[in-house]
Every structure is written in C-alpha cells, then in structure tokens.
Amino acid sequence: MADQTPGPDALAKVDFRPKGKTWLEPHPEFRKGTYCYSAAPKNLTYLGLPNPREWQPFNDDWKLPPDWKTIILDGMRERLDRYRSFRLFMDICVRCGACADKCHFYLGSGDPKNMPVLRAELIRSVYRRYFTPAGRIFGAVVGARDLTEDVLKEWFYYFYQCTECRRCSVFCPYGIDTAEITMIGRELLTLVGCNINWVIEPVANCFRTGNHLGIQPHGFKDSIDFAVDELEEITGIRVEAPINRKGADVLFVMPSADYFGTPHYYTLLGYLMLFHEIGLDYTLSAYASEGGNFGLFTSHEMIKRLNAKVYAEARRLGVKWIIGGECGHMWRVLHQYMDTMNGPADFLQVPVSPITGTRFEHAASTRMVHICEFTADLIRHGRLNLDPSRNDHWNVTFHDSCNPSRAMGLLEEPRYIIRNVCKAFHEMPEDTIREKTFCCGSGSGLGTDENLEMRLRGGFPRANAVRHVRDKHGVNLLACICAIDKATLPPLLEYWAPGVDVAGVHELLGNALVMRGERERTTDLRGEPLTAREEASAHA
C-alpha cells in the first residue's frame, strides 16, 4: 500500500466542490498514488510499439517525438474514418449530465474530469478544434481547444483512470459508450509511446510465453501438476489435467491468475474437479494458457494479435469447441470482438454439452461457451451431486464483474450456481448489481500498486455496497467471476469492508461437489475446516 494513502475516514470525505478552474484549462497533477508508471522501453520494443524511452508521468519532459502532434491528429483522423461509433460519440453528446454521477472514480474522487461526460470532452474538445468548422472558427466559445503537451498529459492522467467498465453507458439516453472513447484515447497515446507498464508488460509477456505472467510452458505444467497433487490430498481422487492433447473434444482456456495467484487458484481446483467428475474429454494448452487480453487496454490491433492464439490453438489441437474460465475482459473480447477480428471459427462445431445434450446456440458463431453457462446447465439437468452444507461457513454475496455482466449479459448463471451450492446468499442493493454493477476500481489494467489511492477511491462505491450486506446480513464472502476482481477486491475490502473474503464461483462449486469415490472431506479447497455456519458465526 502506498505510504501516502490516507486512512478510510479521510478518503471517505470526498470534496465535490469545483476547484475554481475552467475545464478547458488542462491541469494534470501527477501526485503519488493517483497515476500509473510509464511502460518500460524493453516492453515497447518487444512489441514493436513507437517511441520506447525512459520517462515517467511526473517528468516535465515526456520525450515525445518531434512531430507528436501530427501523429496524434493523423491518428484521430484515421479513427474517425474507420470507426463510425467514434465519430458519432464525438458529435451527439448534448451534455445532459445523466452520466455525471455514475462513474465510480467521480464518486470516489470528486474530480469533475472523472465525470464520463467531461472525460470524453477532453478528447472531444480537440476533435472540435481540428475537425469541425465551428471549432476552427470559434475555438473555446464552442468548447474547442488546441492540442498541447498539457492536454496530452491530461489525456494520459484521465484515460488511465477510466476502467472502461461502461456503467455510464447504461444511463446515457443517446447510448454513448464512453469506454470506447477511452479506448480510442489510449490508442492515440500509444502512437507516441505513452503507455503504462502494468498494461504493456502483460501484453509483452503474452507474446513471449502465451500468458500475462510470463510463465514458461514447463512452469505452466508444474502449476497444473501441483493442483492435481493438492486435489488428491483433499479428496483422495487423482484427476487428470491433460495439456496440449490433440483430438480432445474441448479446449479449456482460463486466465493465467487461476494457476498462479490466490484466491484464483481455488477456482482452478473447482474446474479440475468438475471436469473429472463429469468425464469431460478436454485439454488445456500451454500456448493458449491465457484467456485474458490486455490488448483491450492498448489498441484494437493488439486485441486481435493476442486473441488469435485461442483459435489458432483450437485448430492445431483439433478440438470441437472451446470453454472459457472465470475472467472479465477475456469475455468482453470474446463476446464483442473475437468473431469479427479472428473468426469465423467455422472449423469448430457449435458447442453441445456431451453430458446434457444442450446445444449452446448463442455460441454458434464464436464456438466458445462460458464455464458458468456450462456448469449451470449441468446443475439444471441434475447431473451434479452437490452438498451445499460444505459452504456453510460462507455467507455469500455476488459481485457482477463489469465485462461478463454489462458486456455480455451473464447475469443469472453465476447466481444460479451459487444458490445451488450455498445456503446463505444475499444480494447487494439493486442499483449496484447486474447491469448497474459498480466496478472494482482496478479494471482495464489499473490494478497496480503505485495508483493504490485512486484504486481505493474508485472502488469505494463497490466496497460501500459490500459493507452494507456485511453489516445487515453478516456476509463474509464476495464471489465473482473475474481474475482482476479476485486480485484487486481483497485489498479493497480489507481497506473499506474488513472481514469479507473473495472467491470464485467455481471454488464454491468445488467445495459442494460430491465426487464419486471421494473420501470424507474435512476441509474446503482453502484447507479450512468445514464448519457449520452457526458455529462459524459463533466464533467470528
């Protein structure tokens, strides 16, 4: 935690009063704890991206290319021609303010330029100045401003505070998706080498080894083997977890955090138990060992380059279709971009569950099904033997991870699984869940520690809702289906709502799953004793 991070009482006192400056005046203040470090030159070089050099956002000289302004404006012109939505979003906003108080960063910081409407104006004002007659003639009178280095620095500051969660888009009467404006803003910054390392390093790692963490194939196998050994200790059953096996029915792709970090790792154990129990003919891949796609936070071209490995590996291994694990931005990429960027996947089959016979028609194009859809279908058909009492030590609420919920409508399946594997479940307030869910405050590559104060500010609305169900219902576990959430929510809740742990949905499923031939279970997947809820509450 950054040494300058204020305590919760101080951070909760948000000052919403304007700072007395006109919004047209750029005033980026790179205060420690509120911004991310720049991308390391070695990572830009590895990816062939422009202008690799040593610099930091707090430096006066950002060492921009001499023709940086021409590069940015040419890039903007190209994107206005290529993306109809970008031009539309530049033109149709009437600044009604419906989105103003919907952004978690505005609610947590009080900074007006974190209002979605005003964050978009940072780039829209430059669009007016150089691409509209009114802006060229009347300038600031119509909200146009010159592209200066301070304006560019302001872009960097605010477009790397937006988590691209798209909550504001739910409330916009014109359907403006401010996250897409942020995506274009980051693309333009990439053209002159202004990236953050917490995004670019995972992208470079993914190119080199197939996953964000840079884990080599033998390291990937070691992690999976370790999980198999641990499951045998817990259940007495040795599962198989094949890697790179050609001719399997299904390729399973997950976020790399599942086989590296906690609490993600317990979700991996749940996957492996499920696949063994139903006898699924599947394989993992050491090449497509990452489902997440940090290209989403860099550029459309980078999305395509990283996503290509999933279909390439499915073709090489000769599988019939693909299942994807619990990951957030992985599913936004798959749901919204994969088919047109890297498809059509007509060499695969429309997914059909070999256990229930269910044909997943909604995946007829991408040929890829979410693990929650697959598991919910198994439960719906009574194909799993479940003992919810094994989760009696958990009093659960569910966080709708932004990308699976808002971006692809995956709302009911996780809840259906949780209600079948847990006895105690409580929803957070209605305006904070489902399509209106609040972001964890660290999405879109902002999960690094150097901007912890801003993460805590951005995550305040989410944590406040968790604190509500903790205090009202005794909730002690927040379940979610996003790898970034599982990494960033624990410190957020420790700060704002202590006493609430974080878990994946398939960890809870693994706890409740009664496997054929298993020995008597005395612990959950975390190694904690299985204790009745009443007893757990009495000892809390």
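Helices α4 and α6 are roughly perpendicular to each other (a class that covers angles of 65 to 115 degrees). In this predicted model, α4 (residues 84-91) and α6 (residues 116-131) pack at an angle of about 90 degrees, with their axes 9 Å apart; the axes are lines fitted to C-alpha atoms over the stretch in contact, with angles running from 0 to 180 degrees between N-to-C directions. Helices are DSSP runs (H or I) of at least four residues, numbered from the N terminus. Phe 86, Arg 87, Phe 89, Met 90 and Asp 91 of α4 meet Ile 123, Arg 124 and Tyr 127 of α6, where contact means heavy atoms within 4.5 Å. Residues are numbered from 1 along each chain as its sequence is written, and side-chain values use heavy atoms, without hydrogens and water. Local features need pLDDT of at least 70 and side-chain atom pairs pLDDT 80 or more, whereas totals for chains, interfaces and linings use all residues.

The structure holds 27 aromatic pairs (rings of Phe, Tyr and Trp, the last by its six-membered ring, with centres within 6.5 Å; planes under 30 degrees apart are stacked, over 60 edge-to-face and the rest tilted). Phe 156 and Tyr 160 form a tilted pair, 5.1 Å centre to centre with 55 degrees between the planes. Both Phe 156 and Tyr 160 are buried (under 20% relative accessible area, with a 1.4 Å probe and protein chains only). They belong to one aromatic cluster whose members include Trp 55, Trp 62 and Tyr 158.

Arg 167 lies over the face of Phe 438, 3.8 Å from the ring centre (CZ of Arg or NZ of Lys within 6 Å of the centre and within 35 degrees of the ring normal).

Definitions and conventions: Buried means under 20% relative accessible area, exposed over 50%, partly exposed in between (1.4 Å probe, protein chains only). Helices (H or I, at least four residues) and strands (E, at least two) are DSSP runs, numbered from the N terminus. Angles under 35 degrees count as roughly parallel, over 145 as roughly antiparallel, 65 to 115 as roughly perpendicular and the rest as oblique.
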